[in-house]
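Work through the exercises below with the model open beside you. Try each task before reading its solution.

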Amino acid sequence: MVNTPEEYIESLLGRDPVLERVLEGIRRHGMPEISIAPPLGKLLTLLVKAVHARDALEIGALGGYSGICIARGLADGGKLVSLELDHEFAAVAKQHLTEAGFGDKVEYRIGEALASLKKLDEEGARFDFFLIDADKFNYPNYLEWTIRLARPGALIVGDNILSRGRVIDPEISTISVDAIRQFNERIAQDPRLEGTFLPAYDGVAIARVKGGQTR
Ligand code: MG
């Protein structure tokens with residue numbers, strides 16, 4: 001019996017034993033159970049494939065669920081750089097990607113993401129695909145960094161852009177909710193981007209960095 005559109009879609013897609021094991025691992029380690037939903041994971045894989053991404057960057061690894069979804073879509077020889085504040089989370093994510101067969105495709109950088117982004121820029125790193133799924137307070141900053149690190153035509157995906165509905169409540173103004181609103185306005189209006197939103201789950205933003213084709 002399905003009760004919601006989300007449950008209906010998830011029933012269509014069927015089970016994914018690899019990702020189910022990741023969710024079990026996250027529970028076992030007492031980590032927050034806030035991984036992206038299975039249909040959004042599949043969307044990540046499809047978007048990574050659609051732009052033939054070779055270099056992907058995620059901000060916020062958690063237990064590796066989204067990392068596996070991204071890695072599944074990477075072009076041959078592709079690589080995921082994953083930024084994670086918590087070294088224990090990064091270790092769990094690394095273990096899960098290794099078990100899924102992607103251990104050699106992922107590099108974890110542990111610590112404050114803003115510092116890692118600056119370092120990546122200094123190294124000349126550039127990416128075809130980004131997932132922003134970390135502390136909401138820094139979403140506008142993360143967006144600016146991803147645009148800076150983007151190859152022309154790169155895709156940027158942002159998760160939790162509805163902040164459990166708080167962004168649409170004019171009575172609510174917190175640092176995090178206001179940051180998400182600012183992020184969303186930039187996705188919609190920044191002249192360097194073409195963007196849109198899906199209101200499914202906790203909301204997803206998808207933007208393309210203007211410019212030529214990727215690869
Ligand atoms: Mg999220």
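**Exercise 1. Determine the handedness and geometry of the crossing of α6 and α7.**

Solution. 
- Step 1: α6 passes α7 in a left-handed crossing. A crossing is left-handed if the near helix is turned anticlockwise from the far one by less than a right angle, and right-handed if clockwise.
- Step 2: α6 spans residues 113–122 and α7 spans residues 139–149. The two helices pack at an angle of about 15 degrees, with their axes 10 Å apart. That makes α6 roughly parallel to α7. The label applies to angles under 35 degrees; over 145 is roughly antiparallel, 65 to 115 roughly perpendicular and the rest oblique.
- Step 3: on conventions, axes are lines fitted to C-alpha atoms, for helices over the stretch in contact, and angles run from 0 to 180 degrees between N-to-C directions. Helices (H or I, at least four residues) and strands (E, at least two) are DSSP runs, numbered from the N terminus.

This is a predicted model, so local features need pLDDT of at least 70, side-chain atom pairs count only at pLDDT 80 or more, and totals for chains, interfaces and linings use all residues. Residues are numbered from 1 along each chain as its sequence is written, and side-chain values use heavy atoms, with hydrogens and water left out.

**Exercise 2. List the residues of α6 that meet α7, and classify the contact.**

Solution. 
- Step 1: α6 contributes Ala113, Leu114, Leu117, Lys118, Leu120 and Asp121. Contact means heavy atoms within 4.5 Å.
- Step 2: α7 answers with Asn141, Tyr142, Trp145, Arg148 and Leu149.
- Step 3: the contact of α6 with α7 has 7 nonpolar, 1 polar and 3 charged residues. Ala, Val, Leu, Ile, Met, Phe, Trp, Tyr, Cys and Pro count as nonpolar, Asp, Glu, Lys and Arg as charged, and the others, Gly among them, as polar.

**Exercise 3. Describe how α7 meets α8.**

Solution. 
- Step 1: the axes of α7 and α8 come within 8 Å and cross at roughly 35 degrees.
- Step 2: Tyr139, Pro140, Leu143 and Glu144 in α7 touch α8 residues including Phe183 and Ile187.

**Exercise 4. Identify the protein donors of the magnesium ion.**

Solution. 
- Step 1: the donors are Asp133 (OD), Asp159 (OD) and Asn160 (OD1), lying 2.1 Å from the ion. Donors are N, O and S atoms within 2.8 Å of the metal (3.2 Å for Na, K and Ca); water is not among the atoms, so sites may look incomplete.
- Step 2: along the chain, the spacing is D-x25-D-N.
- Step 3: both Asp159 and Asn160 are buried.

**Exercise 5. Locate Arg164 and Tyr201, and state the phi of each.**

Solution. 
- Step 1: Arg164 is not a glycine, yet its phi is positive, about 50 degrees. Arg164 lies in the loop between β5 (150–159) and α8 (175–189). Arg164 is exposed, at 70%.
- Step 2: Tyr201, also not a glycine, has a positive phi of about 50 degrees. Tyr201 lies in the loop between β6 (193–198) and β7 (204–209). Tyr201 is partly exposed, at 30%.

Terms used
Buried means under 20% relative accessible area, exposed over 50%, partly exposed in between (1.4 Å probe, protein chains only).
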